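Trainee: I am new to this structure, and I would like to learn how to read its features one after another. Please take me through them slowly.

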Amino acid sequence: MHPLMQAFREQQLAEREEQALASLVAPRPAPAGVTRRTVLASGAAGGLVVAIGGWLPQDARAAAGQGKEGAAAKAAFAPNQFVSVGTDNIVTIVDKHHEMGQGNTTGLATLVADELDADWSLVRTEYAPADAKLYANLAFGLQGTGGSSAIANSYLQYRTAGATARAMLVAAAAEAWKVPAEEIRTSNSVLTHASGQRATYGEMAAAAAKQKAPASPVLKTPAQFSLMGRDGATPRVDSPSKCNGSAMYTGDVKLPGMLTAVIAFPPSFGAKMVSFDATAARKVKGVTDVVAVPEGVAVVAKSTWAAMQGRRALKVTWDESPGAALDSDALLAQYRELATQPGTPFAKPAAAADGKPAPAATRTVEAIYEFPFLAHAPMEPQGCVAWLHDGQLETWAGHQFPTFDHMFAAKAAGLPLEKVKLHTLVSGGSFGRRANAWSDFTVAAVNVAVAIKGRAPVRLQYTREDDMSAGLYRPLMVHSVKVGLDDAGKVASWKHAVVGQSIVSGTMMEKMMVKEGIDPTSVEGVFPSSYALPMMDGQLHSPSLPVRPLWWRSVGNTHTAYVMETMMDKLAAAAGQDPLAFRMALLDKNPRGAAALKLAADKAGWGKAMPAGSAQGLALHECFGTTVAQVAEVTLKDGKVRVDRVVCAVDCGTAVNPDVIRAQMEGGIGFALGALYYSEIELKAGRPMQRNFDQYKSLRIYEMPAVEVFIVPSNAAPTGVGEPGVPPLAPAVANAIARAGGPAIVRLPFARAGVVQA
Amino acid sequence: MTTVSLNVNGHAHKVEADPETPLLWVIRDDIGLTGTKFGCGVAQCGACTVHLDGQPARSCVTPATAVAGRKVTTIEGLQSRAAKAVQKAWVDLDVVQCGYCQSGQIMSAAALLEQNPRPSDQDIDHAMAGNICRCATYVRIRAAIHQAAGQLAA
């Protein structure tokens, strides 16, 4: 498990034991503050324009998220920072996490609404402002979304928020009706008493606001859940707006007089701008400014197309010598060489418990694996709106890590934090891209706004090429593995070298996460792994490069699962054992892993007869506290692979929204399969060779397998589902290909091995 | 610069634009309809899909001047029975995740069902091949198209 998550889970258990639930929410009123309220209203053409309201003594929630005006204005009862009830009976829930498609808006609302006994059709959601005191991710201690932690860290907090609100509504009704609180029932946002008394939450809201918050709110038992775990009870709150075009993303923000900017970024990593000639660019109609910014040269215009045309006309001279030697093939060769050298140990073989030497290896299985740089390529290219006005800065973007974005935006603008306000919008995907310790696109937008001296609000738009060439890649990785088996076919020794950039070194997270020279995200999944492998001897090399590395949906597990799970099949074959039985023997201390694997195998009919050219392959992987096992069924035809079906078992503790869990498994499988088939950012002379979807191919509908998802029933605290569906897919498919008589593929993507149409 | 005349969602618009301006940016920047998305700019991802006289087209590579006299429909202007069935099925099955590609997916699916009310899986593969979903909601896209087709046949 991830060290941060481990610490969090321990804390969460302790909190539960102490019944200190009330400490998880902040009683209203919020810390005093006057917040400028921005109201989004429908424009004449159906787009959104922003009108500026006055200064209102109002908590910041009114300006959050999609900017719905109504709820907070009518919020008669706001017992904490997460929930309010309006006189119109609308319950508004504030999502402290970033919605990039994972479904946490629905999930967090479910936690509150269930404990509150709210009518789901009366629930509305908003996104929180940047405020780490009120809205920190309890797993990180700062406000941000990542590590598949949204539901896990919020589970007790959001339920407490709902239970607190319910208790105060009940207390208000008890007082009004002069009956004991215990006799009052709540259901679908209505309070009732056997005497015939009845009131909606909206009718009781004002009285509830006068009640004292309970010191120890009582949470439901799983048997009492009315929404959690119920299929069909909580349809996604963001479906309608995303099916009619009204959902507002960064690029959809329109401010009065807003300009659009594109930046001429360096063409290669490490390149420095020498000079630029803006004569032709300035002649493009609509271009208003051509300005140097730390990121490159910004072309600012009255329309997006004019900005793009201006950039095309711009002449920039770059010094590309700093990155000239950067080359993917050369790096792979260097990394392979490094893997033969001693590195920093991440796993040391444990001495045998009885003092006797371990059984001697009589056979060895070895392999060297190579993984390319990967871009995240979310559907929505990066962008941010920045507006400097009246001595303050406002930004609109998919702020996945508001605490970082807030800090870096303030620094770029030269303003104190309290003069900088972030508006977090939904994102068109991220997969890790929008959470980075440099806040790259937010800072770039602010730099442009500063460069034009705050003359107008400015929207920075990355093109697909800008986004894909920006670095922040899943680092290129090499694993070298040598495993010894004894006479009985048991693992006797395991030497494992990992080579690749550290994601967290050099960032603010280094201090928190790097221990004894080991970035745990480089080796997670190898050590610790799902299996009992006390004999592991692990060495890590973390070279530095002028290309920024970043987490990519499931982070280190993107490569470690492939290595571990294809090795398991190689070892099983060498030992003459069935891959399922071989794994089970190593899972006696991991009952959750064994159960998930068995469930997937049972549901897939593991071992059944397959047509010629077809085979099953399986894989198991645990990450972010969630265990996922998958069985892939593939067909090889004319040397090309087709994945027909994937059966997936997931143990993520309590299933808050079963359909969201299924969706994340389905999506994780497709995302992983596309990367396995095609994805690679290849560097040559410092330049990324793939810059758009024509070169960086993505999975398409005709390549998507049938997917069946089975959720392991559990009452354990929930763990994440955004990432854990990804890692097992690639090794399950690779194992199936090998079992179908195809090649054992150790260099990704598959397009390199010719088993898919490149 | 030239004056571009367009009919978008049944409304006539006159816009001053560079003649090469893609329809996408005229729809988004000038007309202010933002449901049509920018994804790649090279007709590879389908996020910008609109209908031209009922046929799906990638607005990011269609010059605005090329659509004079044709009816442009965006996600905001979908009216047909098939289109409404598609949108309903999308909501019923919670197809969306990040949602950014879904306007384009829905436009492609609606055009498919308007021409072929009972598509096979192969028909769906063919019609939807130009629309990338990085969240890989493809299982549900397929299911929603079949569900919408079922509703149309009912």
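Mentor: Let us start with the naming of elements: helices (H or I, at least four residues) and strands (E, at least two) are DSSP runs, and they are numbered from the N terminus. Keep in mind throughout that this is a predicted model.

Trainee: How many helices and strands make up the secondary structure of chain A?

Mentor: Chain A comes to 20 helices and 29 strands. Along its principal axes, the C-alpha trace of this chain spans about 80 × 75 × 50 Å.

Trainee: What radius of gyration would a compact globule of 758 residues have, and what does chain A have?

Mentor: A compact globule with 758 residues would have a radius of gyration near 27 Å, and because chain A has 27 Å, the two agree. Buried residues make up 57% of the 758 residues in the chain. Where contacts in chain A have a separation of 6 or more, 76% of them are accounted for by residues 24 or more positions apart.

Trainee: Returning to helix H18 of chain A, what span should its 14 residues have?

Mentor: Helix H18 of chain A covers residues 591-604, and at 1.5 Å a residue it should span 20 Å; its end C-alpha atoms are 20 Å apart, so expectation and model agree.

Trainee: Which residues of H18(A) are buried?

Mentor: They are A:Gly593, A:Ala594, A:Ala596, A:Leu597, A:Ala600, A:Ala601 and A:Ala604. These residues cover an arc of only 165 degrees around the axis, so they lie on the same side of H18(A). Among what covers them are helix H17 (579-585), strand E24 (614-623), strand E25 (626-637) and E26 of chain A.

Trainee: How many residues does the contact take from chain A and from chain B?

Mentor: The contact takes 50 residues from chain A and 47 residues from chain B. On the side of chain A that touches chain B, helix H7 (239-243), helix H9 (304-313) and H19 of chain A each supply at least two residues, and the largest share, 6 residues, comes from H19(A). By class, the residues on that side of chain A divide into 19 nonpolar, 20 polar and 11 charged.

Trainee: Into which domains is chain B divided?

Mentor: Chain B is divided into domain 1 (2-77) and domain 2 (81-153), and the C-alpha centres of these two domains of chain B lie 21 Å apart. In chain B, 15 residues of domain 1 are in contact with 12 residues of domain 2. On the side of domain 1 that touches domain 2, strand E3 (49-52) and strand E4 (55-58) of chain B are the elements that give two or more residues, and E3(B) gives the most, with 3 residues. That side of domain 1 of chain B has 6 nonpolar, 8 polar and 1 charged residues.

Definitions and conventions:
Residues are numbered from 1 along each chain as its sequence is written. Chains are lettered from A and ligands numbered from 1 in the order in which they are written. This is a predicted model: local features need pLDDT of at least 70, side-chain atom pairs count only at pLDDT 80 or more; totals for chains, interfaces and linings use all residues. Domain bounds come from an automatic or database domain assignment. Two residues are in contact if their C-beta atoms, placed from the backbone, lie within 7 Å. Ala, Val, Leu, Ile, Met, Phe, Trp, Tyr, Cys and Pro count as nonpolar, Asp, Glu, Lys and Arg as charged, and the others, Gly among them, as polar. The expected span of a helix is 1.5 Å times one less than its number of residues. A residue is buried if 20 or more other C-beta atoms lie within 10 Å of its own, exposed if 12 or fewer, and partly exposed in between; C-beta atoms are placed from the backbone. The arc is that of the directions from the helix axis to the C-beta atoms. The radius of gyration is taken over C-alpha atoms; the globule rule is 2.2 Å times the number of residues to the power 0.38.
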